[in-house]
Amino acid sequence: MNVPTSVWVITIAVMTVFLFVDVVVIARRPHVPSMGEVGRHLAFFIGCAVLFGVMVWRVWGSRYAGEFYAGWLTEYSLSVDNLFVFLLIMNNFRVPVRLQQSALLIGIVIAIVLRGIFIALGAAVINAYAWVFYIFGAFLVYTAVKLAREGESDDDHYEENRLIAWVEKRFPATKEYHGARMFARVDGKRLITPMLIVILALGTTDLLFALDSIPAIFGLTKEPYLVLTANLFALMGLRQLYFLIGGLLKRLVYLSIGLAVLLAFIGVKL
């Protein structure tokens with residue numbers, strides 16, 4: 001698959017514009033989105049992904065279009081599992097409902113940047129060392145077994161990663177939220193707010209999930225361009241998906257089992 005540099009630049013530029021507009025709109029008006037608003041936005045992002053796949057089909061052929069759709073749907077499925085942890089983070093830090101959309105958006109922007117770096121490193125390693133696929137496959141099978149076992153657990157406790165624990169210990173923070181602001185001045189001192197900690201938690205936690213989702217999509221396509229775009233489309237609809245099915249997450253009791261089967265299949269394929 002020969003992707004010109006100009007196509008890479010245009011793709012990243014268009015995605016950046018979409019995210020920038022999203023950030024500006026939400027920053028100006030933090031609110032709890034209605035089901036209609038969430039549904040329209042989610043339909044828009046899904047429609048864009050479908051049209052992008054059609055464009056891939058016309059330019060590069062049905063094989064690569066199939067790989068894109070497979071990668072996108074796989075990433076979307078794995079992203080639903082992320083929402084469980086996102087919900088726990090929101091509850092753990094008692095984020096006001098009207099601010100959750102802002103926290104999710106900025107956290108997802110951080111996740112996109114970190115995943116982009118992760119994908120670039122993964123592609124470089126795969127090009128240099130083909131045997132890395134065996135490691136990816138073994139890791140996916142291990143993750144599948146772990147997911148299947150956790151599917152029987154009712155653990156609702158969120159454990160902070162080391163970065164979040166270090167930030168909380170190193171930097172003094174306000175006890176209350178100051179809107180969507182990440183810094184606030186109190187008694188003449190500039191302090192971080194809980195919003196900054198929540199955003200870091202969302203972004204870095206998503207990167208941990210990328211440890212299985214990135215190897216999974218590399219098991220479906222070896223094209224870095226398709227890996228990147230599939231991840232971008234999955235993440236860009238993740239915020240809307242959170243509000244659309246957030247209240248139903250607890251009812252998805254077989255999600256972990258389903259994802260375990262999916263990861264195990266890709267792991268064996270690798």
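Predicted model: local features only at pLDDT ≥ 70, side-chain atom pairs only at ≥ 80, totals over all residues.
Residues are numbered from 1 along each chain as its sequence is written, and side-chain values use heavy atoms, with hydrogens and water left out.

Rolling a probe the size of a water molecule over the atoms shows where empty space is left. Here a cavity is a set of points, on a 1 Å grid over the protein atoms alone, where a 1.4 Å probe fits but cannot get out; lining residues have an atom within 4 Å of a point. Grid points are joined across faces, edges and corners, and a volume is the space filled by probe spheres set on the points. On these terms the structure holds 2 cavities of 30 Å³ or more.

The second largest cavity is lined by I112, R115, G116, I119, L228, N231, L232 and L235. Two or more of these lining residues come from each of α4 and α8; helices are DSSP runs (H or I, at least four residues) and strands likewise (E, at least two), numbered from the N terminus. Sorted by class, this lining has 5 nonpolar, 2 polar and 1 charged residues. Nonpolar covers Ala, Val, Leu, Ile, Met, Phe, Trp, Tyr, Cys and Pro, charged covers Asp, Glu, Lys and Arg, and the others, Gly among them, are polar.

As for the largest cavity, its volume is about 40 Å³. Around it sit L19, D22, L105, I108, L235, M236 and R239, with α1, α4 (97–128) and α8 (224–236) each giving two or more residues to the lining. The class tally for this lining is 5 nonpolar, no polar and 2 charged.

L19, one of the residues lining the largest cavity, belongs to helix α1 (residues 5–28). L19 counts as buried because its relative accessibility is 15%, where buried means under 20% relative accessible area, exposed over 50% and partly exposed in between (1.4 Å probe, protein chains only). Not counting residues up to four places away in sequence, L19 touches V109 and I112 (contact means heavy atoms within 4.5 Å). L19 and L105 are 86 residues apart along the chain, and 8.5 Å separates their C-alpha atoms.

T174 is found in the loop between α6 (162–170) and β1 (183–186). With 7% relative accessibility, T174 is also counted as buried. A polar atom of the T174 side chain lies 2.9 Å from the backbone oxygen of E176. Beyond its neighbours within four places in sequence, T174 is in contact with A184, V186, L191, I192, T193 and P194.

Terms used. Polar contact = N/O pair within 3.5 Å; in protein donor to acceptor, adjacent residues only side chain to side chain. 1 Å grid on protein atoms, 1.4 Å probe; cavity = no way out; pocket = protein on both sides within 12 Å on 5 of 7 lines; lining within 4 Å.
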